[in-house]
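Student: I would like to go through this structure one piece at a time. Can we begin with a strand and then turn to the aromatic rings?

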Amino acid sequence: MIARKPRIAVLLAAAAVTAGLAACAPSPSSSTVADGGTSSDTAGQLSGTVTVFAAASLKATFSTLADEFEAKNPGAKVTLSFAGSSDLATQISQGAPADVFASADTKNMAKLADAGLLDGTATDFATNVLQIAVPPSNPASIGSFADLARPGIKVVVCASQVPCGAATDTVEKTSGVALSPVSEESSVTDVLGKVTSGEADAGLVYVTDVKGAGGKAKGIPFPEAGMAVNTYPIATVGSSRNKELAAAFVAMVKGPDGRKTLADAGFGAP
């Protein structure tokens with residue numbers, strides 16, 4: 001028994017040292033986000049809410065990406081708001097609480113950048129082109145852009161301040177074909193709605209909108225669309241209350257998951 005006492009003392013001393021080191025060891029790094037949640041450097045542990053303002057033409061793709069983002073980050077919540085890019089830019093400039101802005105054109109993003117309302121520089125992440133949308137049976141026998149100018153054709157377009165409307169204006173000017181629309185809508189989804197409901201013979205929307213409509217609309221491509229390719233930029237809003245989460249969502253849109261979802265929907269690369 002006398003020979004074992006020193007060994008026991010050594011073991012007890014070693015255990016005490018080990019416990020002391022463990023107590024002093026730093027905990028995993030984490031930070032508190034503005035809305036009261038916490039985030040860490042470990043993927044899948046971001047938390048809080050990120051509010052995304054996105055062009056109406058991004059509704060299907062961003063809804064999918066939001067679901068994927070929440071699945072990968074169980075503590076995170078993505079709130080989506082879709083409308084015409086010009087309306088969204090105006091809302092943000094007037095103080096609407098957005099964390100991320102994704103526009104269907106560079107013009108409306110530039111307005112916010114020039115006003116100093118962005119956090120950093122916007123990044124282009126997709127492109128889109130116009131296509132003629134008609135009811136599945138194409139009752140007006142539309143086959144070209146020039147057909148939209150025929151007498152009696154009920155055509156619907158986006159208002160000029162909306163990206164799809166600005167693209168329509170460009171095609172009209174460069175092709176020399178002037179349209180007489182029966183209505184001008186504030187978003188591309190409203191134009192598509194007029195077509196699918198039978199209120200219009202045709203509407204000028206994006207390729208992605210026709211594809212997303214499934215069998216409710218038929219798309220007619222036209223070469224003049226190449227005269228007005230819309231580029232989509234995305235950025236974190238300067239007043240964001242959760243910039244870490246906003247940056248993570250932007251990164252997903254620009255990353256492999258985002259590129260695949262966008263390509264599957266018919267968007268082109270930037």
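Tutor: What follows is a set of questions and answers on a predicted model.

Student: On strand 8 (residues 155-158), which residues lie on each side, and are they buried or exposed?

Tutor: In a regular strand the side chains alternate between the two faces of the sheet. In strand 8, Val 155 and Val 157 are on one side, and Val 156 and Cys 158 are on the other. Both faces of the strand are covered, and these four residues are all buried.

Student: Which residue in strand 10 is the bridge partner of Val 155?

Tutor: Strand 8 and strand 10 (residues 202-206) run parallel and are joined by two bridges. On the strand 10 side, Val 155 is partnered by Ala 202.

Student: What is the handedness of the β-α-β unit made by strand 8, helix 5 and strand 9?

Tutor: The helix in this unit, helix 5, spans residues 163-175. Strands 8 and 9 pair in the parallel sense. Together with helix 5 they make a β-α-β unit that is right-handed.

Student: How are the rings of Phe 125 and Tyr 232 arranged?

Tutor: There are seven aromatic pairs by the rule used here. For Phe 125 and Tyr 232, the ring centres are 6.1 Å apart and the planes are at 80°. An angle over 60 degrees counts as edge-to-face, so this pair is edge-to-face.

Student: How many residues apart in the chain are Phe 125 and Tyr 232?

Tutor: Phe 125 belongs to strand 6 (residues 118-128) and Tyr 232 to strand 12 (residues 230-237).

Student: Is Tyr 232 buried or exposed, and what is its relative accessible area?

Tutor: Buried means under 20% relative accessible area. Phe 125 is buried at 6%. Tyr 232 is also buried, and its value is 0%.

Student: What is the angle between the planes of Tyr 206 and Tyr 232?

Tutor: Tyr 206 is in strand 10, 26 residues from Tyr 232 in strand 12. Tyr 206 counts as buried, at 2% relative accessibility. The two rings are 6.2 Å centre to centre and edge-to-face, with an angle between the planes of 65°.

Note on methods
Residues are numbered from 1 along each chain as its sequence is written. This is a predicted model: local features need pLDDT of at least 70, side-chain atom pairs count only at pLDDT 80 or more; totals for chains, interfaces and linings use all residues. Side-chain values use heavy atoms; hydrogens and water are left out. Buried means under 20% relative accessible area, exposed over 50%, partly exposed in between (1.4 Å probe, protein chains only). Two strands pair if DSSP finds at least two bridges between them. A crossover is right-handed if, with the strands pointing away from the viewer, the path from the first strand over the helix to the second runs clockwise. Rings of Phe, Tyr and Trp (its six-membered ring) pair if their centres lie within 6.5 Å; planes under 30 degrees apart count as stacked, over 60 as edge-to-face and the rest as tilted.
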